[in-house]
Amino acid sequence: MATAQSWKIWREIGDAVIKASKNPNRRWYGPHMAASVRAISERIPLVDFVLEIRDARIPLSSEYELLRKFTPFKSKRIIVLNKMELADPLELKQWMDYFEDRNYLSYAVNSHNKESVKQFLNFLQSQVRELHKSGHSGHTTTMMLLGIPNVGKSALSNSLHQIGRISATEKGKLKHTIVSPQPGDTKDIMSLKIGSHPNVYVLDTPGIFPPYLLDAAICSKLALTGAIPNDIVGETELARFFLTILNSSHEYKKWAKLCKSQDSTESVSAQRKRQYPTDHTQDFIVNDVRRVLYETISAFNGNLEDDISMRSLIETQFVALKTVLRVSEEASECADLRVASKILNLYRTGRLGHYTLEHVSAVAKSEHNC
């Protein structure tokens with residue numbers, strides 16, 4: 001079966017992002033980003049560790065390209081694959097092996113899971129101990145978090161700070177960074193304490209892109225995962241791109257049992273009356289969405305390797321999703337946008353499966369050919 005990258009839609013999305021990056025207004029590379037680059041370049045020689053935060057769904061496309069500008073630097077670099085809960089577990093393991101084979105130190109984490117962050121903090125503390133064994137004489141260790149927009153740097157730094165607090169005194173003096181789903185909201189470098197004896201601090205930095213983006217494949221994946229503002233491409237096109245990926249995968253087959261379950265019992269009906277029919281994140285609505293997607297894909301007789309057939313299936317899915325998502329009959333464009341917004345949200349929160357958009361096998365083949 002064809003991969004998502006073989007479809008026309010990824011090229012259209014990628015080209016739209018490239019065009020926007022060349023806009024004189026530079027929507028994501030304004031004066032504040034240039035100032036942030038200067039501030040980071042001044043501080044990076046002074047830190048002990050550089051934590052390069054990437055999105056586990058796109059381990060290569062979410063690389064912090066500007067890090068190359070700061071090399072060589074003496075800081076120890078760790079590649080942190082955040083949002084691991086949204087990626088395919090088997091693919092994630094292969095990516096960890098990929099980095100290990102190339103002598104890169106890496107770690108996968110879910111910044112919203114307390115146990116995952118606690119294990120990550122233990123790992124960082126072990127790295128600090130190794131640093132002191134090698135002759136580091138300072139009483140304070142500093143780690144700088146770097147990454148492109150919306151890879152979860154602020155969420156991770158806040159979680160590390162929350163779990164890393166030691167004394168009751170520190171608990172009363174919490175200091176948080178701003179966490180927002182909108183890329184580019186962090187403007188300043190923020191210092192947060194995550195450990196004592198010895199003291200360990202993390203520096204949360206603004207997410208920064210290069211001044212221009214030139215690779216359409218990378219741009220399309222950055223847009224889908226939310227690193228780039230939705231309005232550059234449009235939520236409807238992004239939702240169609242996700243459905244292309246879903247329809248090309250086997251993830252939907254996990255939802256087959258939803259079609260066999262009886263969902264009309266009195267207890268379920270009573271439960272639904274107590275819930276909010278417009279809240280698409282409720283379990284019963286999510287299950288309805290999964291069921292509809294499974295049924296539409298399974299019943300489709302067209303050739304899913306043909307772009308026109310794929311678009312036909314996606315339009316059928318949009319029509320079916322309007323019902324289960326309680327989108328009222330209104331102007332078609334507005335209804336499609338509401339459906340797209342909900343589907344995009346469910347994808348980005350992992351409610352519609354786990355997808356890794358870059359595959360180690362394809363990268364290894366490309367490297368071999370080079």
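Predicted model: local features only at pLDDT ≥ 70, side-chain atom pairs only at ≥ 80, totals over all residues.
Biologist: In what order do the six strands stand in the open sheet?
Modeller: Strands are DSSP runs of E, at least two residues; helices are runs of H or I, at least four; both are numbered from the N terminus. Two strands pair if DSSP finds at least two bridges between them. The pairing here is mixed, and the order is β3-β2-β1-β4-β6-β5.

Biologist: Which strands stand at the edges?
Modeller: The sheet is open, with the order β3-β2-β1-β4-β6-β5. Each edge strand has a single partner, so one side of each lacks a neighbour in the sheet. These strands are β3 and β5 (190-195).

Biologist: How many bridges join β1 to β2?
Modeller: Strand β1 covers residues 49-55, and it runs parallel to β2. I53 has V80 as its bridge partner in β2, and F49 has K76. The number of bridges joining β1 to β2 is seven.

Biologist: Which residue of β4 is the bridge partner of F49?
Modeller: β1 and β4 run parallel and are joined by four bridges. V50 stands opposite M144 in β4. For F49, the partner in β4 is M143.

Biologist: Is β1 enclosed or open, and how many of its residues are buried?
Modeller: Buried means under 20% relative accessible area, exposed over 50%, partly exposed in between, with a 1.4 Å probe and protein chains only. In a regular strand the side chains alternate between the two faces of the sheet. F49, L51, I53 and D55 point one way from β1, and V50, E52 and R54 point the other way. β1 is largely enclosed by the rest of the structure, because its buried residues number seven of the seven.

Biologist: How many residues of β2 are buried?
Modeller: Strand β2 spans residues 76-82. The rest of the structure largely encloses β2, because the buried residues number five of the seven.

Biologist: Which residue of β3 is the bridge partner of L81?
Modeller: β2 and β3 (residues 106-108) run parallel, joined by three bridges. The partner of L81 in β3 is A108.

Biologist: Is T142 buried or exposed?
Modeller: T142 lies in strand β4, residues 140-146. Contact means heavy atoms within 4.5 Å. Leaving out residues up to four places away in sequence, T142 touches V47, D48, F49, Y201 and L203. Its relative accessibility is 17%, so T142 counts as buried.

Biologist: Which helix gives the most to the lining of the largest cavity?
Modeller: A cavity is a set of points, on a 1 Å grid over the protein atoms alone, where a 1.4 Å probe fits but cannot get out; lining residues have an atom within 4 Å of a point. The lining residues are W7, K8, I9, R240, T244, D307, M310, R311 and I314. α1 (8-21), α9 (235-248) and α13 (307-324) each supply at least two of the lining residues. With four residues, the helix that gives the most is α13.

Technical notes. Residues numbered from 1 in each chain as written. Heavy atoms only, no water. 1 Å grid on protein atoms, 1.4 Å probe; cavity = no way out; pocket = protein on both sides within 12 Å on 5 of 7 lines; lining within 4 Å.
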